[in-house]
Amino acid sequence: QVQLVESGGGLVQAGGSLRLSCAASGRSIRSYLMAWFRQAPGKEREFVARISRAGDTTYYAEAVKGRITLSRDVAKNTMYLQMNSLKPEDTAVYYCAAASRLSTSRSHYYTSAWYDYWGQGSQVTVSS
């Protein structure tokens, strides 16, 4: 099992930047498909970005592509989400997640139901 703890959220003005961290313990993040999701008030949890288990490929939601970069440091067992050019619509609680299973359908990786482990969430608020 893996435990996930997010940090780095906060309040930032539109156009600003934040970097979220997801520190894992219990097992290496290389064992999991890792992802970031977010949930705004009154909305469903939505996919933001994910990284392959090999760590060589990243995927992004269209709404954040070009502004957000996902990376990981295996030695620190930590995943990061660098967010630039933030917009008020990026305001949400951001969650890191880990999935132990692989699927023949990659569409599963974009749904929160596929992920087995979640962090507690980190609030990101972008003011206009």
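Colleague: What is the relative accessible area of Asp116, and is the residue buried, exposed or partly exposed?

Modeller: Asp116 has a relative accessible area of 34%, and it is therefore partly exposed, where buried means under 20%, exposed over 50% and partly exposed in between, with a 1.4 Å probe and protein chains only. Please keep in mind that the model is predicted, that local features need pLDDT of at least 70 and side-chain atom pairs pLDDT 80 or more, whereas totals for chains, interfaces and linings use all residues. Residues are numbered from 1 along each chain as its sequence is written, and side-chain values use heavy atoms, with hydrogens and water left out.

Asp116 forms a salt bridge with Arg101, their closest N and O atoms being 3.9 Å apart; the term stands for a side-chain nitrogen of Lys or Arg within 4 Å of a carboxyl oxygen of Asp or Glu. Both residues sit in the loop between β9 and β10 (117-118), 15 residues apart, and the pair links distant parts of the chain; strands here are DSSP runs of E with at least two residues, numbered from the N terminus. Arg101, at 38% relative accessibility, counts as partly exposed.

The whole structure holds five salt bridges, and a network of them links Arg38, Glu46, Arg67 and Asp90. Arg38 counts as buried at 6% relative accessibility, and Asp90 counts as buried at 1%. Asp90 also meets the side chain of Arg67 in a salt bridge, at 2.7 Å from N to O, and here Arg67 comes from the loop between β6 (58-60) and β7 (68-73), 23 residues apart from Asp90. Arg67 is buried, as is Asp90.

The disulfide joins Cys22 to Cys96, with an S to S distance of 2.1 Å. The torsion about the S-S bond of Cys22 and Cys96 is about 65 degrees, so the disulfide is right-handed. Because Cys22 lies in strand β3 (residues 18-25) and Cys96 in strand β9 (residues 92-99), the pair ties together parts that are 74 residues apart in sequence. Cys22 and Cys96 are both buried, whereas Asp116, where your question began, is partly exposed.

Terms used: Disulfide = S-S within 2.5 Å. Helix = DSSP H or I, 4+ residues; strand = E, 2+ residues; numbered from the N terminus.
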